[in-house]
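Please brief me on the fold, the nonpolar core and the strand pairing of this protein chain, with the criteria behind each term.

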Amino acid sequence: MNTEPQAIAPTLTPSVIYDDARQGVRWLTEVLGFTMASMYEAPGGGVAFAELVWRTGIVFVSGRPGPNNPWAKVGISSIALVAEDAGVVQQHYERALAAGADMVRKLHIARTPAFPDGSHQLDVRDPEGNLWTIGTFQPRFIPRKP
């Protein structure tokens with residue numbers, strides 16, 4: 001029996017561009033609890049590219065390139081992170097509060113037509129204005145056959 005961890009290959013990976021990518025990486029790992037998978041330095045010591053892991057997902061993080069690069073015009077992002085349960089959301093809420101994070105909406109139960117049973121969640125902004133939601137709503141779908 002193979003006991004080696006199996007690689008996960010997400011098919012959708014958001015990318016967040018920061019003016020200060022080192023600060024962005026630090027905030028995401030220390031405040032939201034992401035795990036660093038890789039980070040590549042840019043000339044001059046900036047962050048060219050980093051991969052940060054949240055459960056089975058990855059977010060790409062990089063520094064904002066010069067004005068002639070199409071990635072220079074990437075704006076503020078809004079990304080939802082799925083937590084295992086309400087207790088984990090509570091832990092992340094307490095961690096973000098302790099770090100002095102900009103809480104857009106404190107811990108609450110969100111109910112929408114998409115999740116009428118509610119999602120135990122919080123909404124927080126990172127230092128460059130990106131909105132991060134951590135909640136228990138787990139989207140699901142049935143893949144279409146080709």
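This is a predicted model: local features need pLDDT of at least 70, side-chain atom pairs count only at pLDDT 80 or more; totals for chains, interfaces and linings use all residues.

Residues are numbered from 1 along each chain as its sequence is written, and side-chain values use heavy atoms, with hydrogens and water left out. The protein chain contains two helices and eight strands, where helices (H or I, at least four residues) and strands (E, at least two) are DSSP runs numbered from the N terminus. Along the sequence these elements follow the pattern β-α-β-β-β-β-α-β-β-β.

**Whole chain**

- The C-alpha atoms fill a box of roughly 50 × 45 × 35 Å, taken along the principal axes.
- Of the 146 residues, 34% count as buried, a term that means under 20% relative accessible area, with exposed meaning over 50% and partly exposed in between (1.4 Å probe, protein chains only).
- Among contacts with a separation of 6 or more, residues 24 or more positions apart account for 50%, a contact being heavy atoms within 4.5 Å.
- The chain exposes about 9,400 Å², of which carbon and sulfur atoms supply 55%; these accessible areas come from the Shrake-Rupley method with a 1.4 Å probe.
- There are 13 positive and 14 negative side chains, and the centres of the two sets lie 8 Å apart; Lys and Arg count as positive and Asp and Glu as negative, while His and the chain ends are not counted, and each charge is placed at NZ of Lys, CZ of Arg, CG of Asp or CD of Glu.

**Nonpolar core**

- The largest nonpolar core has 28 residues, of which Leu28, Leu32, Phe34, Val61 and Trp132 touch the most other members; such a core is a set of buried Ala, Val, Leu, Ile, Met, Phe, Trp, Tyr and Cys residues joined through side-chain atoms within 4.5 Å.
- Elements that give two or more residues to this core include α1 (21–30), α2 (86–98), β4 (57–63) and β8 (131–135).
- Leaving aside residues up to four places away in sequence, Leu28 touches Tyr18, Gly33, Phe34, Leu52, Val61 and Trp132.

- Strand β2 (residues 35–41) pairs with β3 in the antiparallel sense over six bridges, two strands being paired if DSSP finds at least two bridges between them.
- Glu41 stands opposite Val47 in β3, and in the hairpin of β2 and β3, with five residues between the strands, Gly44 takes a positive phi near 90°.
- β3 and β4 are also paired in the antiparallel sense, over five bridges, and Trp54 stands opposite Gly57 in β4.
- Arg55, found in the loop between β3 and β4, has a positive phi of about 50° although it is not a glycine, and at 42% relative accessibility Arg55 counts as partly exposed.

- β5 and β8 run parallel and are joined by five bridges, with Trp132 as the bridge partner of Ile79.
- β7 and β8 run antiparallel and are joined by five bridges, with Leu122 standing opposite Ile134.
- The hairpin of β7 and β8 has five residues between the strands, and Gly129 takes a positive phi near 95° there.
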